[in-house]
Amino acid sequence: MLASGSADNTIKLWDISTMNCVRTLKGHTKWVYSVAFNGAGMLASGSDDNTIKLWDTSTMTCKGTLEEHTDYVSSVAFNSDGMLASGSDDDTIKLWDTSTMTCVRTLEGHTDYVLSVAFNGAGMLASGSDDKTIKLWDISTMNCVRTLEGHTKWVCSVAFNSAGMLASGSTDTTIGLTRIYT
């Protein structure tokens, strides 16, 4: 199953084999910018309504709403332990315990919107920002351990591969590739 967020305030769930929409989830009051599965039947959605909703994909119901961001939520990502990270237009990253539905930490360091967040399998979180930087965070200490510079405009997307490479996409029309050693 795949999921997509939409400007019509919904999340669409798609059957991969037929490429058909099999379900529409409603609950956000503004655009849905980001969706992520955790591998254990939970889906997170981040929205322009400043919230994150957690959905049970077996029952197709909303399990709860996370409401601590003060501006829109542009990106959500799960790590393998079920922790959820969210990046926001409020210039922060929040880390969430989804079992208790609580924010366990707010990471500050970017000087502009946080547009993208991604975990690797080794305890690192990457965040891309309108401030033209990528920050690498050690989740065990909750500290920023490195700031990557080089893009000349917004860093809209960050993603890790299994070999330790970090890819970043920017509105400067470039893609950055960085090997991350942990």
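Reply: Let us begin with a sheet. Strands S12-S13-S14-S15, in that order, make up an open sheet of four strands with antiparallel pairing. The model is predicted: local features need pLDDT of at least 70, side-chain atom pairs count only at pLDDT 80 or more, and totals for chains, interfaces and linings use all residues. Residues are numbered from 1 along each chain as its sequence is written, and side-chain values use heavy atoms, with hydrogens and water left out.

Me: What counts as a strand, and when do two strands pair?

Reply: Strands are DSSP runs of E with at least two residues, numbered from the N terminus. Two of them pair if DSSP finds at least two bridges between them.

Me: How many bridges link S12 and S13?

Reply: Five bridges link S12 to S13 (residues 124-129), in the antiparallel sense. Opposite valine 114 stands serine 129 of S13.

Me: How should I picture the side chains along a strand?

Reply: In a regular strand, side chains alternate between the two faces of the sheet.

Me: What is the strand order in the other open sheet of four strands, the one that contains S4?

Reply: The order is S4-S5-S6-S7, again with antiparallel pairing. S4 (32-37) and S7 (61-66) are its edge strands, each pairing on one side only. Neighbouring strands here are turned by 20° against each other on average, direction ignored. Five bridges connect S4 with S5 (residues 42-47), which pair in the antiparallel sense, and valine 32 has serine 47 in S5 as its bridge partner.

Me: Which residue takes a positive phi in the hairpin of S16 and S17?

Reply: Glycine 164 does, with a phi near 90°, and four residues lie between the strands of this hairpin. S16 (residues 155-160) and S17 (residues 165-170) run antiparallel and are joined by five bridges. Valine 155 stands opposite serine 170 in S17.

Me: Where does S17 pair again?

Reply: S17 also pairs with S18 (residues 175-179), in the antiparallel sense over five bridges. Glycine 169 has isoleucine 175 in S18 as its bridge partner. This hairpin, too, has four residues between its strands, and threonine 173 in the turn has a positive phi of about 70°.

Notes:
Axes fitted to C-alpha atoms, helices over the stretch in contact; angles between N-to-C directions.
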